[in-house]
Amino acid sequence: MKKQKVQVIARGGTFFVVFMDSNQMPAPLRIKNLSDVPIQFYQSETREELTYLRAFIQPQQSIDYAWDEPTLQQTITCSVVGGTKETYDLQKLGHGENLCYENHICLAFEQTFNQEPKIQYQSKYSIQNSKSINDRNTFQLLNQQQLVIDYIQGKLILAQREENKRSQLWRMTSSGLLVHTGSSSPRDWNNKNVPSDDIRQSFVLDIEETSTTNLKNIHSMTRSIRLTIRRYDPKRILTQTWTFKDDGYLCMGETQMCVQVLGELKEKNEILLGPRRFNEQGIILPPLPTMYIRPRRRLQGSGFLSVRTYADGPTRILEIANVKTSNSLDNLKSETLMQTTTDNIPLMNYQFDLRLASGIGVSIISSMGRESEELIFMIFNDINLAYKDDNNEQSIDCTIGTIVISNQLLMTSTPCLLYATYFEDASIRSAFRLQASLQKPTANYKQLYIFHYLFIGLNSITIKIDEILLWKLFDFFNINFSSSSNDKTLKNDDQTYDLDEGEYDTQRLLSLLTSTQATRIYFSELSISSIDLDLSVYCSNSRSLPIHLLTIKRHAPFPLIRFENAPIHLKSYDQIHIFNTYDFFLLALTTHYVDELKRQAFKILGSVDFLGNPLGLFNDVTDGFASLVDHGSVTGLVKSVAHGVADSTSKFTGTLSYGLGRLALDEEHDDMREAIANNYRGSSIGHVIGGTVGLAAGFIGGLTSIITQPYKSIVEDGVGGLMKGVAKGIVGTVSKPMVGILDFANGLALAVKEGSRSSNSIIKNRIRTTRCPTNIYGLLQSYSTFDANGQCLLYQMNKGDLTERYITRINISQTPANSSSKRKLDNINNDEYASDQRSCCIHVMITSQRVIIYRTDTNQDETDYEITDIYDLSSIINALVIEDENRRPYIEFLHNQPQRSSKITATTTTSGKPCQRSLLRCDLHDRAMRLTRDIQRAREIFEEEKFTYIPPDDENNNNDDDDDIPNDQQLDETVQMT
């Protein structure tokens with residue numbers, strides 16, 4: 001009969017029952033009998049009349065088991081026939097109560113037991129060898145009966161062995177007494193209140209001699225004496241103590257008298273006590289068959305059974321073994337998932353250690369649209385990895401010293417997204433640690449992974465979330481929050497993850513229930529350490545978000561509010577003996593940490609900006625007083641209090657100014673305020689200057705608002721918008737100066753905050769300059785510091801205009817003015833274009849819109865630059881390489897821009913059209929050729945983009961049937977592009 005595994009899962013008020021093939025997964029329970037006696041077992045609380053639920057497990061057997069009644073107490077009762085009965089809880093690992101049973105012995109004449117038939121396979125040699133031994137035996141057995149000592153009608157005689165005949169059973173105590181079992185009542189093992197047998201009431205083996213005089217000469221006695229059964233008497237300790245000698249004699253104490261048969265080994269012959277055999281030299285001879293007595297146990301085993309519960313992967317095993325059996329848990333090998341090996345296939349053990357001191361870096365580049373940009377750059381420093389493969393087990397120990405994730409967006413106020421490291425006094429001297437021990441999977445259970453232990457340790461983590469980066473990451477990974485069916489379409493045939501809050505748990509649950517073939521994981525011990533987070537969220541103006549990111553934000557199930565440095569403590573996640581699917585573990589972890597964040601909501605609320613970050617103020621004041629008490633530092637107290645007050649003031653004034661700025665309904669004024677804040681961010685002086693400029697902008701905007709707002713409304717909405725413009729102007733006249741005053745106060749508070757920041761504060765900048773993701777051919781390129789610095793320089797030149805993309809740049813002159821090379825002096829002679837170039841380094845930058853020529857004092861420092869010429873790609877007709885009579889290379893620009901220099905001459909093209917001609921001197925001919933090729937490629941890209949229709953972000957793509965029918969607006973756009 002094929003077995004089925006049934007799993008019941010409860011979710012809310014619904015129970016789900018899943019049936020699956022039990023061969024794919026190991027049994028939940030197993031009972032393993034390593035003893036030599038049958039064991040009866042059953043679930044403890046099952047009724048006695050249900051006899052079919054009570055079964056026996058034979059010696060040296062193992063049985064898979066599942067609970068007969070899952071609703072009853074999950075304990076198993078085991079018992080031995082004629083012995084004790086105990087109950088065991090399989091949820092508690094370790095040793096339980098021992099089982100005991102009466103395992104009496106019989107006094108057997110060994111020669112009659114040697115001919116006992118054995119069930120085994122023998123080779124031809126072994127059969128011939130056993131025959132030769134029997135031929136050498138001089139003693140001929142009269143029969144093949146197994147003869148033992150029996151006590152019948154007050155006499156000890158030889159009798160044939162009978163199973164469970166109490167008159168043939170004995171028990172030997174630790175003091176050497178042979179207690180006759182048949183002369184005492186049986187013990188009730190089920191009644192634990194009854195004390196153990198009292199030796200004073202027992203009957204033991206003794207001699208018939210009762211004379212005290214003869215007992216004194218017992219060591220010198222040489223005649224035979226009859227044996228009997230007599231009550232224990234401490235005065236007769238010499239005659240009631242017996243010893244089994246190694247040579248086969250059963251002697252009375254330390255005397256030379258042994259138990260033997262009167263006559264032959266024949267049934268009903270009497271048992272006597274007689275002298276041992278000696279030769280003429282007084283050496284003891286081997287016993288005759290009538291003297292060779294050995295103890296034979298009624299049952300195999302020691303009579304004491306140890307019971308313990310341990311886990312073999314997801315299977316709980318109840319093991320019953322003899323007390324003398326060495327079965328150490330440490331040496332136990334897994335039998336459920338142990339790989340089968342043969343003698344001719346050796347086991348291979350290997351290990352390796354890997355250390356990356358400099359670590360590794362990972363860059364995420366988004367190119368889902370028409371442009372590419374680097375989102376984040378992750379670096380993991382000081383990586384140590386130790387891997388070991390030992391027979392049936394794989395272990396790994398990995399530590400990472402520092403984890404830094406940089407925000408690589410070009411215009412961001414939070415250059416560091418995540419920073420994790422360890423403190424000197426931390427117990428885990430690494431930002432991240434992973435320790436795991438995995439049991440190797442086998443062919444029987446391909447979809448099962450067993451972890452003996454998994455430990456994940458994390459130290460303090462600082463997270464600064466930029467809202468724009470967050471939505472771009474969601475867009476990059478194609479995470480869709482929309483619950484409508486129209487929003488569940490696939491993009492580029494990639495998988496879309498629907499994270500609607502109402503459907504999330506249902507989808508997870510269905511995955512759990514239907515994944516009968518899913519990979520399952522067992523953890524004997526799972527531990528994720530507690531995490532200390534320093535969390536900050538920085539929100540941006542919704543008007544600055546592109547339409548597709550704004551759509552993601554609107555459908556997100558969680559709102560974002562601005563707060564800074566909220567201390568959050570997440571408790572550890574610990575589980576023991578847990579077995580389920582991967583999705584179940586992911587859902588359990590998500591639920592755990594979501595609940596922990598909900599418990600820490602008051603800390604987030606105390607750190608929000610619109611309340612002035614009261615929790616941060618409290619922490620700063622506390623740190624200041626701690627510095628005063630512990631170190632006597634008054635300066636630390638003043639700086640901490642000043643930082644807390646300034647931080648709270650800046651956050652409150654910043655929030656208030658933002659709200660009043662929205663009240664003015666002037667988007668241009670808001671954009672100007674944001675640009676001022678971005679331009680003067682970074683230092684205390686910058687914040688003061690920015691606040692002053694914001695104050696001036698507020699008063700100027702208030703004075704001009706009553707004029708500019710009505711004019712804009714008339715231009716946009718006609719005469720009907722006049723009243724609306726007048727209303728906006730009146731509101732702006734009042735609100736804009738107030739916003740300017742708040743901006744000025746905010747700038748002063750930020751300056752105090754920056755100046756009083758503690759030296760212990762962790763301020764991480766961007767690890768490296770933002771990557772220029774593509775080369776001139778539009779292909780992804782490896783990181784180039786030269787191009788990254790050039791891209792950064794471009795956005796300094798164009799004041800952060802991201803619509804202009806960096807393509808490449810070239811140093812056409814690398815010889816500064818203080819150089820004394822001979823080549824430079826020779827080239828200057830008779831060169832009218834070299835006089836102003838030889839006092840600096842000349843660079844040419846090519847962008848998606850223009851060619852910029854600028855110069856710097858040195859080739860290394862480009863912070864101080866001067867733009868000499870700019871050529872729009874739309875005005876460039878051609879760029880050629882020419883040479884003068886001295887074979888010096890020049891770059892000739894043919895363009896139709898207005899004449900801005902005396903070195904620009906008028907000329908005509910081959911078609912006769914007038915144009916302007918400019919010359920640019922270059923040091924090397926190959927650089928001149930490369931520059932002209934790059935300019936030509938940039939012009940091709942410019943022309944291609946000019947005639948390429950790019951749909952806007954908010955274009956409605958739902959009406960696919962109408963895409964082929966252009967409307968009037970589309971026709972107008974097509975005519976304009978043409």
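Colleague: At what angle do helix α3 and helix α5 pack, and how far apart are their axes?
Modeller: Helix α3 (residues 467–476) packs on helix α5 (residues 547–555) at an angle of about 90°. Their axes are 10 Å apart. Axes here are lines fitted to C-alpha atoms, for helices over the stretch in contact, and angles run from 0 to 180 degrees between N-to-C directions. So α3 is roughly perpendicular to α5 (65 to 115 degrees; under 35 is roughly parallel, over 145 roughly antiparallel, the rest oblique).

Colleague: Which residues make that contact?
Modeller: From α3, E467, W471, K472, F474 and D475. From α5, H548, L549, I552 and K553. Contact means heavy atoms within 4.5 Å. The residues divide into four nonpolar, one polar and four charged. Nonpolar covers Ala, Val, Leu, Ile, Met, Phe, Trp, Tyr, Cys and Pro; charged covers Asp, Glu, Lys and Arg; the others, Gly among them, are polar.

Colleague: What kind of model is this?
Modeller: A predicted model, where local features need pLDDT of at least 70 and side-chain atom pairs count only at pLDDT 80 or more, while totals for chains, interfaces and linings use all residues. Residues are numbered from 1 along each chain as its sequence is written, and side-chain values use heavy atoms, leaving out hydrogens and water.

Colleague: What is the mean pLDDT?
Modeller: The mean pLDDT is 76, and 70% of the residues reach 70 or more. pLDDT is the predictor's confidence in each residue, from 0 to 100. Over residues 832–838 it is below 50, and that stretch has 20 contacts beyond near neighbours in sequence. Residues 956–978 are also below 50, with five such contacts. Where pLDDT is low, the predicted coordinates should not be read in detail.

Colleague: How many helices and strands are there?
Modeller: The protein has 16 helices and 46 strands. Both are DSSP runs, numbered from the N terminus: helices are H or I, at least four residues, and strands are E, at least two. Of the 978 residues, 41% are buried (under 20% relative accessible area; exposed is over 50%, partly exposed in between; 1.4 Å probe, protein chains only).

Colleague: Now a sheet. In what order do β5, β4, β7 and β8 run?
Modeller: The order is β5-β4-β7-β8, in an open sheet with antiparallel pairing. Two strands pair if DSSP finds at least two bridges between them. β5 (55–57) and β8 (85–89) are the edge strands, each pairing on one side only. The twist averages 30° from one strand to the next.

Colleague: How many bridges link β4 and β5?
Modeller: Three, in the antiparallel sense. F41 stands opposite A55 in β5.

Colleague: Switching to β20. Which way do its residues point?
Modeller: M257, V259 and V261 point one way, C258 and Q260 the other. All are buried. Five bridges join β20 to β21 (residues 271–275), and the two run antiparallel. M257 stands opposite P275 in β21.

Colleague: What does T290 touch?
Modeller: Leaving aside neighbours within four places in sequence, T290 contacts F109, V259, Q260, V261, G263, E264 and L265. T290 sits in the loop between β21 and β22 (293–297). It counts as buried because its relative accessibility is 12%.

Colleague: And Q408, buried or exposed?
Modeller: Buried, because its relative accessibility is 1%. Q408 lies in the loop between β28 (393–407) and β29 (416–420). Q408 and I376 are 32 residues apart in sequence but 5.0 Å apart in space, C-alpha to C-alpha. Among the residues Q408 touches are E374, F377, R766 and R771.
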